[in-house]
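Let's walk through this structure together, one step at a time. Keep the sequence and the 3D view side by side as you read.

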Amino acid sequence: MNPHTNPFHARAAFVRAPQSLLGKLLTLIFSAALLVLAVMFSLVALAVLAIGGALFAGWLWWKTRALRQTMREAAPTVSSGDARIIEGEFVRETVDGDPLSQE
């Protein structure tokens, strides 16, 4: 069999010898350091997003203050007995079944 056409021979090139105890220990330390760095990065990214969201919410609240004041002034107040609120339903009757006809 030709080693260039044998698929198992190609995989054998990537097989490594078992690591020594020192190699395993260095791999463990390197992996733990990468995990700690990933957690630190995610915490920093979360903090940046939280601060950015709070700043955006504050900016939006500040920009809509005039609109909120206008809505407060336009709202009906029932502080005295002169204001009347009428609640109810209505039915529109049509002439000859045409809903767009005018009487």
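Accessible areas here come from the Shrake-Rupley method with a 1.4 Å probe, and for residues, only the protein chains shown count as cover. Computed that way, the protein's accessible surface is about 10400 Å², and carbon and sulfur atoms hold 69% of that.

What you're looking at is a predicted model, where local features need pLDDT of at least 70, side-chain atom pairs count only at pLDDT 80 or more, and totals for chains, interfaces and linings use all residues. Residues are numbered from 1 along each chain as its sequence is written, and side-chain values use heavy atoms, with hydrogens and water left out.

Now for the overall layout. The protein has 3 helices and 0 strands (DSSP runs, numbered from the N terminus: H or I of at least four residues for helices, E of at least two for strands). The predictor's confidence in each residue is the pLDDT, from 0 to 100, and its average over the protein is 81. Helix α1 (residues 7–12) has the lowest confidence, with a mean of 60, while helix α2 (residues 21–63) has the highest, at 96.

How many of the 103 residues are buried, as a percentage? The figure is 0%, with buried meaning under 20% relative accessible area, exposed over 50%, and partly exposed in between (1.4 Å probe, protein chains only). W61 counts as exposed because its relative accessibility is 53%, and W62 counts as partly exposed because its value is 48%.
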